[in-house]
Amino acid sequence: MHYENSVEWVRNLDNLSEEQWRTPIAEGKWTIAEVIGHLPAWDQFILDSRLPYLFKNRALPEGPEVDELNQQCSLESQSKTKEEIISKFIKVRRSLIIAVNNIEDDLWETKVNIGSTALILTDYLKGSIEHDHHHFKQIENILEGSKKVT
């Protein structure tokens with residue numbers, strides 16, 4: 001349900017002014033555009049480099065260098081429009097929703113190995129959801145703060 005709700009949550013950011021959209025979430029931090037702009041890359045990583053491998057007893061591809069990927073996404077987000085960023089988020093997130101919904105019921109409780117950690121798929125995806133919640137809360141906080149100032 002979180003993934004479904006996140007599509008609408010991000011779609012509602014289209015109502016932000018350009019100034020709000022380009023507002024840093026804190027001093028020296030990314031803008032709202034950059035925060036939303038980096039999420040599709042991580043969804044795509046799950047789609048391409050985790051879900052296809054988890055139940056096939058095949059070695060997982062190495063994950064990207066986190067800071068490098070995030071920096072690349074940040075730079076791309078600076079040159080894209082709000083509409084482009086939101087559209088990409090929705091497109092990739094919908095692909096993730098479809099992939100997750102197509103996982104067979106009996107696989108949800110199967111232990112998978114990610115590095116040296118064994119966990120069930122639900123626990124793995126909780127990490128992705130917590131990542132979203134962390135960033136959505138940052139955005140909510142800055143938007144609430146800007147309402148108090150006006």
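Read along the sequence, the chain runs α-α-α-α-α-α-β-β-α. This makes 7 helices and 2 strands. The model is a predicted one. Along its principal axes, the C-alpha trace spans about 55 × 30 × 25 Å. Of the 150 residues, 39% count as buried. Among contacts in the chain with a separation of 6 or more, 71% are between residues 24 or more positions apart.

**Helix packing**

| Helix pair | Angle between axes | Distance between axes |
|---|---|---|
| α3 and α6 | about 30° | 9 Å |
| α3 and α5 | about 125° | 8 Å |
| α1 and α6 | roughly 170° | within 9 Å |

Helix α3 covers residues 32–49, and helix α6 covers residues 82–101. They pack at an angle of about 30°, which makes α3 roughly parallel to α6. The crossing of these two helices is left-handed. On the α3 side, the residues that meet α6 are A33, I36, G37, L39, P40, D43, Q44, I46 and L47. Their partners in α6 are I85, K88, F89, V92, R93, S95, L96 and A99. Sorted by class, this contact has 11 nonpolar, 3 polar and 3 charged residues.

Helix α3 also packs against helix α5, which covers residues 66–79. The angle here is about 125°. An angle from 65 to 115 degrees would count as roughly perpendicular and one over 145 as roughly antiparallel, so α3 and α5 are oblique to each other. The crossing of α3 and α5 is right-handed. From α3, the contact involves A33, E34, G37, H38, A41 and W42. From α5, it involves V66, L69, N70, C73, S74, S77 and Q78. By class, the contact of α3 with α5 has 6 nonpolar, 6 polar and 1 charged residues.

The remaining pair in the table is α1 with α6. Helix α1 covers residues 2–11. Its axis crosses that of α6 at roughly 170°, and the two helices are therefore roughly antiparallel. The α1 residues in this contact are H2, Y3, E4, S6, V7, V10 and R11. The α6 residues are I86, F89, I90, R93, R94, L96, I97, V100 and N101. This contact has 9 nonpolar, 3 polar and 4 charged residues.

**Aromatic pairs**

A pair of aromatic rings is described by the distance of the centres and the angle of the planes. The count for this chain comes to 2 aromatic pairs. One of them is formed by W9 and F136, with 4.1 Å centre to centre and 15° between the planes, and it is stacked. This pair links distant parts of the chain: W9 lies in α1 and F136 in helix α7 (residues 121–149), 127 residues apart. Are these two residues buried or exposed? W9 has a relative accessibility of 23% and counts as partly exposed. F136, at 6%, counts as buried.

Another aromatic pair is that of W42 and F45. Their ring centres are 5.9 Å apart and their planes stand at 80°, so the pair is edge-to-face. Planes count as edge-to-face when they are over 60 degrees apart. W42 and F45 are 3 residues apart in helix α3, which means that about one helical turn separates them. F45 has a relative accessibility of 13% and counts as buried.

**The surroundings of W42**

W42 lies in α3. Its relative accessible area is 18%, so W42 is buried, because the limit for this class is under 20%. Which residues does W42 contact, leaving aside its neighbours within four places in sequence? They are P64, V66, L69, N70 and H131. P64 is 22 residues from W42 along the chain, and the C-alpha atoms of the two are separated by 9.5 Å.

Note on methods:
Residues numbered from 1 in each chain as written. Predicted model: local features only at pLDDT ≥ 70, side-chain atom pairs only at ≥ 80, totals over all residues. Heavy atoms only, no water. Helix = DSSP H or I, 4+ residues; strand = E, 2+ residues; numbered from the N terminus. Buried < 20%, exposed > 50% of the residue type's maximum accessible area, 1.4 Å probe, protein only. Contact = heavy atoms within 4.5 Å. Axes fitted to C-alpha atoms, helices over the stretch in contact; angles between N-to-C directions. Parallel < 35°, antiparallel > 145°, perpendicular 65-115°, else oblique. Left-handed = near helix turned anticlockwise from the far one by under 90°. Nonpolar A, V, L, I, M, F, W, Y, C, P; charged D, E, K, R; others polar. Phe/Tyr/Trp six-rings, centres within 6.5 Å; stacked < 30°, edge-to-face > 60°.
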